[in-house]
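Welcome! Take a moment to turn the picture around before reading on. The report below walks through the pieces a step at a time.

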Amino acid sequence: MKGTQDFGIKYTQVDDFSLIGYSDSDFDGDKETGVSTSGYAMSLGSGAVSWRSRKQSVPADSTTEAKYVAVAEATKEIVWLRKVHENLQVKKVQSTPLMIDNTFAIKLAKNLKFHDRTKHINTKYDLIRHHVEAKTIHLRHCYTNEKIADIFTKVLGREKLERFRTMLGLTNIPSD
Amino acid sequence: MKSLDGLKQAPRAWYEKLTEHLLKLNFNHFDLNDATLFVKKVGKTVVYLVVYVDDLLMTRNNESYIASIKKELGKSFEMTDLGYVHYYLGIEVTQHPKSIFLSQEKYIGDLLNRFGMTECNPLTTPMEQNLKLTSIEGKEFEDETKYKQLVGSLNYLTTTRPDISFAI
């Protein structure tokens, strides 16, 4: 922490005060238990307002499943944040984009296709589908250089760390 | 209901009294699972109020209203109005006309002191890349309690420092 002691999050007044979610997970990150780590970040306007890095409760048996568990966790957080946001705006807010990097998981949320490999994650699947249909969230593909949630699921090198850190609103310059 | 300072039911009695007053002032629990956040809506004005024991923090989407709420609360409780928030639960708040900055510089300084790391060399990333950690190799901690205290303290630091979440 020494060296970045004066870093904090800056929230700046912006015109586009909308919520964007980023979700990701590694797969099988803990070699001893086979458990994956989920991470999400929610940004509102210029800075991150909510984030989490947490080991999943059970080992996932595919990357898609691990990503799906992470998306379900992120979705629950978005539902809560939208409630706060809608209260502040005193109006309904538009569907919140949730950025993920797994196209298969995006397809899965759109189609009612059950197959053997995903049968056991049905509850999470239902939760996500429900919120996609209710237009609470929509899943969107994101590119490697904007995968902010990476910072919560793996150890990053200096360049990526500093880029994502800035994208979360972290800075050591408090003034405008 | 009467309660005395220092009794184990005193904090609960205080919280109930405060909640009762807030409800009278037309505040509502924002969420029934959350004891600390209250909200009051009057037309297009929304006031949020956070309670941490006897530290109250208010914000709104409209300039008006805060003064009258403070006045009302002041009738029932002995209160000190600290104005704009600068420090809350170890978090430093720097407010500018168009931005708000949240940091824990003092908290980090205290931690470095407490764990004897004020003279250490700064690193560029919070965790070594390609590090393999196992529970069977290596030696055990000399001071397990101290390690647990440090992890707990660092966890609190993630309030303003999401960049260290994964490493912790």
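Let us begin with helix H2 of chain A, whose buried residues are Ala105(A), Ile106(A), Leu108(A) and Ala109(A). If you look down the axis of H2(A), these buried residues fall within an arc of 160°, so they line one face of the helix. On the face of H2(A) turned away from the buried side, you will find the exposed residues Thr103(A), Lys107(A) and Lys110(A). Please keep in mind that this is a predicted model.

## Chain A from end to end

Now step back to the whole of chain A. This chain has 4 helices and 7 strands. Starting at the N terminus, the elements of chain A follow the order β-β-β-β-α-β-α-α-β-α-β.

Chain A has 176 residues, and 39% of them count as buried. How far apart in sequence are the residues that touch? Taking the contacts in chain A between residues at least 6 apart in sequence, 70% join residues at least 24 apart.

## The nonpolar cores

The largest nonpolar core has 38 residues. Those with the most contacts inside this core are Tyr40(A), Ala41(A), Val71(A), Leu98(A) and Ile100(A).

Leaving aside residues up to four places away in sequence, Leu98(A) touches Gly21(A), Ser23(A), Val71(A), Ala74(A), Thr75(A), Ile78(A), Ile137(A), Leu139(A) and Arg140(A). There is also a second, separate core of 5 residues, which includes Leu22(B), Phe38(B), Val47(B) and Leu49(B).

## A hairpin in chain A

Next, find strand E3 (residues 37-44) and strand E4 (residues 47-55) of chain A, which pair in the antiparallel sense over 8 bridges. The two strands form a hairpin with 2 residues between them. In the turn, Gly45(A) has a positive phi of about 70°.

## A sheet within chain B

Chain B has an open sheet of 4 strands in the order E1-E2-E3-E4, with antiparallel pairing. The edge strands, E1 (28-29) and E4 (55-60) of chain B, each pair on one side only. Strand E2 (residues 37-42) and strand E3 (residues 45-52) of chain B run antiparallel and are joined by 6 bridges. One pair to look for is Val42(B) with its bridge partner Thr45(B) in E3(B).

Elsewhere in chain B, Leu23(B) has its place in helix H1 (residues 10-24). Is Leu23(B) buried or exposed? Leu23(B) has 12 other C-beta atoms within 10 Å, so this residue counts as exposed. Leu23(B) and Val39(B) are 16 residues apart in sequence, while their C-alpha atoms are 9.8 Å apart in space.

## Where the chains meet

The contact between the chains takes 33 residues from chain B and 35 residues from chain A. On the side of chain B that touches chain A, the elements giving two or more residues are strand E6 (91-96), strand E7 (99-103) and helix H3 (105-114) of chain B. E7(B) gives the most to this side, with 5 residues. By kind, the residues on this side of chain B divide into 15 nonpolar, 13 polar and 5 charged.

The two chains also share an open sheet of 5 strands, with antiparallel pairing and the order E7(A)-E1(A)-E7(B)-E6(B)-E5(B). Strand E7 (170-171) of chain A and strand E5 (87-88) of chain B stand at the edges with a single partner strand each, so one side of each is left without a neighbour in the sheet. Strand E1 (residues 8-12) of chain A pairs with E7(B) in the antiparallel sense over 5 bridges. In that pairing, Gly8(A) has Ser103(B) as its bridge partner in E7(B). Another 5 bridges join E6(B) to E7(B), which run antiparallel, and here His96(B) has Ser99(B) as its bridge partner in E7(B).

Notes
Residues are numbered from 1 along each chain as its sequence is written. Chains are lettered from A and ligands numbered from 1 in the order in which they are written. This is a predicted model: local features need pLDDT of at least 70, side-chain atom pairs count only at pLDDT 80 or more; totals for chains, interfaces and linings use all residues. Two strands pair if DSSP finds at least two bridges between them. Two residues are in contact if their C-beta atoms, placed from the backbone, lie within 7 Å. Ala, Val, Leu, Ile, Met, Phe, Trp, Tyr, Cys and Pro count as nonpolar, Asp, Glu, Lys and Arg as charged, and the others, Gly among them, as polar. A nonpolar core is a set of buried Ala, Val, Leu, Ile, Met, Phe, Trp, Tyr and Cys residues joined through C-beta atoms within 7 Å. A residue is buried if 20 or more other C-beta atoms lie within 10 Å of its own, exposed if 12 or fewer, and partly exposed in between; C-beta atoms are placed from the backbone. The arc is that of the directions from the helix axis to the C-beta atoms.
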